[in-house]
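Q: Hey, can you walk me through this one? I'd like to start with the overall layout and then look at charged pairs.

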Amino acid sequence: MTATPDFRIGQGFDVHAFGDGDHVMVGGVRIPFERGVLAHSDGDVALHALCDAMLGALALGDIGVHFPPSDDRWKGADSRALLRHCNGLLAERGWRVGNADVTVICERPKIGPHASAMRTAIADDLGIALDCMSIKATTSERLGFTGRGEGIAAQAVCLLVRDGG
């Protein structure tokens, strides 16, 4: 058996359909919008994808395992609290996020004007430097469910390093 490396890589993906509402939560930031998302929690695809990346890097399952939609405690939950909880699970095991990169995929709402606030919120919640947190946005060129404006998606990748490493 070989020694565990001092770093781990995780990736995550999340998607939510649009529904009734007047805003979406993305990257911990409330964005005014003519739609909301259908979700058990606040439906923040960026943070859900990042949580999955963090959990996956340590083979701890996914957010559905830790925050099941069948559990009413998580109904309407603030995804920043979920992110901080996942960060605590890493810390308990001697790991921390080295850097993370999240891509939000949608035609609307426009993510760019909010990216700086998202980076700041996430970096604060993870206790990492701002230059270790990236938020990007792209469209799907009007293809698929995001292109038709039916929903929003995000993918994330993160590097975990041993705490103190």
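Q: How far apart are the end C-alpha atoms of residues 7-160?
A: They lie 5 Å apart, and the span is 31% helix and 32% strand. Helices are DSSP runs of H or I with at least four residues, strands are runs of E with at least two, and both are numbered from the N terminus. This is a predicted model, where local features need pLDDT of at least 70 and side-chain atom pairs count only at pLDDT 80 or more, while totals for chains, interfaces and linings use all residues. Residues are numbered from 1 along each chain as its sequence is written, and side-chain values use heavy atoms, leaving out hydrogens and water.

Q: OK, new topic: how many salt bridges does the structure hold?
A: It holds 10. A salt bridge here is a side-chain nitrogen of Lys or Arg within 4 Å of a carboxyl oxygen of Asp or Glu.

Q: Which side chain does Arg80 meet in a salt bridge?
A: Asp125, at 2.6 Å, N to O. The pair links distant parts of the chain, 45 residues apart: Arg80 is in helix α3 (residues 79-92) and Asp125 in helix α4 (residues 115-126). Arg84 joins Arg80 and Asp125 in a network of salt bridges.

Q: And is Asp125 buried or exposed?
A: Buried, because its relative accessibility is 13%. Buried means under 20% relative accessible area, exposed over 50%, and partly exposed in between (1.4 Å probe, protein chains only). Arg80 is partly exposed at 22%.

Q: What about Glu92, buried or exposed?
A: Exposed, at 64%. Glu92 meets Arg93 in a salt bridge (3.6 Å, N to O), and Arg93 is partly exposed at 41%.
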